[in-house]
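Hi,

Here is the structure I promised to pass on. Have a look at it first, and then read on for what turned up.

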Amino acid sequence: MISLRGVSKTYNTKRGKRVILDDISRDFPPGVNVGILGRNGAGKSTLLRIIGGGESPDTGKVLRSSRISWPIGFAGGFNMKLSGRQNLRFICRLYEIEYKDIVDFVADFSELGEYMDMPVYTYSSGMRAKLTFGLSMAFNFDYYLIDEVTAVGDAVFKKKSEAFFDARRKNATLLVVSHSMLTIRRFCDLFLVLHKGRLLEFSSNKEAEQFYNEVCCGQKK
């Protein structure tokens, strides 16, 4: 289970403080794949980092009783001076996982070739995303936090990624943040909308989609 209790987050900007998350309380029970829609800049990635423990809320707390992935698609946790292989070894130590059990899988899945032994700062953003995606799929988490990852790579890589998501969600729960309705429809059972710092739930997914399109995106029918 993942539970948010009164979670708030603000950032300082040139125009003063900007509220990103405003007193959010929400349970994410296992077995319910949740899609969180929001426009660019709405705070989706911030919310996912807070859920995963990579960032702290200003107020409130996150209760976790399950193994939770880092945000897949967000590659900010790597040491840029180390190679992909060296980063992999370090992360395995943190999670107390045998390096030899997953290194071949990650190298094959990420399709990085010789770049596995080159510093991460030489990677493109897409290559870093592929590395974090392959690493995430090598671990058996209870929850997978997914940040726009289906936009990574060519058509073949996207198809392979989607196949792994389908396999993983048979035994794990997905929390997906995206501004793409197609991504949310593809993977999620319940649609929520992050709008003006609040996490909104609706009586149906159709209503959530309509609110997102009309209010958040201004797409009036």
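How many bridges join strand 1 to strand 2, and in which direction do the two run? Nine bridges hold strand 1 (residues 2-13) to strand 2, and the two run antiparallel. Please keep in mind that this is a predicted model. Along this pair, Thr13 sits opposite Gly16 of strand 2.

The pair belongs to an open sheet of three strands in the order 2-1-4, with antiparallel pairing. Strand 2 (16-28) and strand 4 (59-64) are the edge strands, each pairing on one side only. On average, neighbouring strands of this sheet are turned by 25° against each other, direction ignored.

Helix 1 (residues 44-52) packs on that sheet, where it touches strand 1, strand 2 and strand 4. The direction of helix 1 makes about 130° with that of strand 1. Seven of the nine residues of helix 1 are buried, so the helix is largely enclosed by the rest of the structure. The buried residues are Lys44, Thr46, Leu47, Leu48, Arg49, Ile50 and Ile51. Just after helix 1, Gly53 takes a positive phi of about 90°.

There is also a helix pair to look at. The axes of helix 3 (residues 99-110) and helix 5 (residues 155-168) come within 11 Å and cross at roughly 135°, which makes helix 3 oblique to helix 5. Helix 3 contributes Phe105, Asp108 and Phe109 to the contact, and helix 5 contributes Phe157, Lys160, Ser161 and Phe164. By type, the contact residues divide into four nonpolar, one polar and two charged.

Note on methods:
Residues are numbered from 1 along each chain as its sequence is written. This is a predicted model: local features need pLDDT of at least 70, side-chain atom pairs count only at pLDDT 80 or more; totals for chains, interfaces and linings use all residues. Side-chain values use heavy atoms; hydrogens and water are left out. Two strands pair if DSSP finds at least two bridges between them. Helices (H or I, at least four residues) and strands (E, at least two) are DSSP runs, numbered from the N terminus. Axes are lines fitted to C-alpha atoms, for helices over the stretch in contact, and angles run from 0 to 180 degrees between N-to-C directions. Contact means heavy atoms within 4.5 Å. Buried means under 20% relative accessible area, exposed over 50%, partly exposed in between (1.4 Å probe, protein chains only). Angles under 35 degrees count as roughly parallel, over 145 as roughly antiparallel, 65 to 115 as roughly perpendicular and the rest as oblique. Ala, Val, Leu, Ile, Met, Phe, Trp, Tyr, Cys and Pro count as nonpolar, Asp, Glu, Lys and Arg as charged, and the others, Gly among them, as polar.
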